[in-house]
Amino acid sequence: MEIFETISFHIVKPCNMKCKFCYATFNDMQVGAQMNERDAETIILKLHAAGVKKITFAGGEPLLYKHIKTVIRFAKITGLTTSIITNGSLLTESWLSEMMPWLDWIGLSIDSLNEHTNHMIGRTAYRKVDYFGLVSLIKDMGFRLKINTVVNQYNKTDDMNKFITWANPDRWKVF
């Protein structure tokens with residue numbers, strides 16, 4: 001049996017953005033349904049027992065999952081390296097500060113630095129995300145940083161080189 005050392009746990013369906021290319025449709029889940037904390041912890045225990053070493057919480061937008069802090073703590077206590085993939089719109093300094101002992105990696109989905117392009121993509125939320133401030137905060141607090149970028153018809157001519165050089169992420173994943 002092949003053991004996967006890293007898994008992505010798509011823990012919640014809802015997202016506060018409407019990216020046109022998003023593959024996370026979760027057609028088999030009810031829109032408002034959320035997994036209870038006990039079931040999430042059971043899954044984490046089974047994954048760890050099967051040899052998983054790193055868990056990445058994703059969604060939808062995982063910060064919309066009401067138990068996200070608890071399950072990240074549980075995964076860390078269980079012995080897993082912990083990570084989250086987020087659009088960044090709900091990250092705050094206080095949230096990051098509270099999660100410092102429990103969260104190893106933060107992945108930010110950044111497809112463009114141009115507000116109009118983000119609007120065309122559907123990557124808009126109730127507030128504009130300050131990617132420069134957010135990256136600075138994440139790095140200053142000692143989290144490892146991954147940036148995910150989906151190249152698409154709206155951002156295909158964007159030049160992210162200066163930003164990526166400045167941000168100096170541990171990983172930059174381009175889809």
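Which elements do the buried residues of helix 5 pack against?

Author: First, the ground rules. This is a predicted model, in which local features need pLDDT of at least 70 and side-chain atom pairs count only at pLDDT 80 or more, while totals for chains, interfaces and linings use all residues. Residues are numbered from 1 along each chain as its sequence is written, and side-chain values use heavy atoms, with hydrogens and water left out.

Helix 5 spans residues 131-140. Helices here are DSSP runs of H or I with at least four residues, strands are runs of E with at least two, and both are numbered from the N terminus. The buried residues of helix 5 pack against helix 3 (93-99), strand 4 (105-109), helix 4 (115-121), strand 5 and helix 6. Contact means heavy atoms within 4.5 Å.

Which residues are they? Tyr131, Leu134, Val135, Leu137 and Ile138 are the buried residues of helix 5. They sit on the same side of helix 5, because their arc around the axis is only 165 degrees. That arc is taken from the directions from the helix axis to the C-beta atoms. Buried means under 20% relative accessible area, exposed means over 50%, and partly exposed lies in between (1.4 Å probe, protein chains only).

Look at the two ends. Asp130 caps the N-terminal end of helix 5. One of its side-chain oxygens lies 3.3 Å from the backbone nitrogen of Phe132. That is a polar contact: a pair of N or O atoms within 3.5 Å, where within protein one must be able to donate a hydrogen and the other to accept it, and residues adjacent in sequence count only if both atoms are side-chain atoms. After helix 5 comes Gly142, with a positive phi near 90 degrees.

Next, the core. A nonpolar core is a set of buried Ala, Val, Leu, Ile, Met, Phe, Trp, Tyr and Cys residues joined through side-chain atoms within 4.5 Å. The largest one has 40 residues, of which Phe57, Ile68 and Trp95 touch the most other members. Helix 5 gives the most to this core, with five residues. Trp95 touches Leu63, Ile68, Lys69, Ile72, Ile84 and Leu103, leaving out residues up to four places away in sequence. In soluble globular proteins, nonpolar side chains tend to be buried together.

Helix 3 is one of the packing partners of helix 5. Ser97 is found in helix 3. Ser97 counts as partly exposed because its relative accessible area is 40%.

Six strands form an open sheet in the order 1-2-3-4-5-6, with parallel pairing. Strand 1 (6-10) and strand 6 (171-174) stand at the edges with a single partner strand each, so one side of each has no neighbour in the sheet. Neighbouring strands are turned by 20 degrees against each other on average, direction ignored. Axes are lines fitted to C-alpha atoms, for helices over the stretch in contact, and angles between N-to-C directions run from 0 to 180 degrees. Two strands pair if DSSP finds at least two bridges between them.

Strand 4 has parallel partners on record here in strand 3 (residues 81-86), through four bridges, and in strand 5, through five bridges. Thr86 has Leu108 as its bridge partner in strand 4. Gly107 has Lys146 as its bridge partner in strand 5. Ser109, in strand 4, counts as buried because its relative accessibility is 13%. Tyr131 is among its contacts, as are Ile85, Thr86, Asn87, Arg123 and Asn148, with neighbours within four places in sequence left aside.

Strand 5 is largely enclosed by the rest of the structure, because five of its six residues are buried. Strand 5 also pairs with strand 6 in the parallel sense, over four bridges. There, Thr149 has Val174 as its bridge partner in strand 6.

Last, the loop between strand 5 (144-149) and helix 6 (161-167), which holds Asn155. Asn155 counts as buried because its relative accessibility is 4%. Its side chain reaches the backbone oxygen of Val150 at 2.9 Å. Beyond neighbours within four places in sequence, Asn155 contacts Asp111, Ser112, Thr117, Ile121, Thr149 and Val150.
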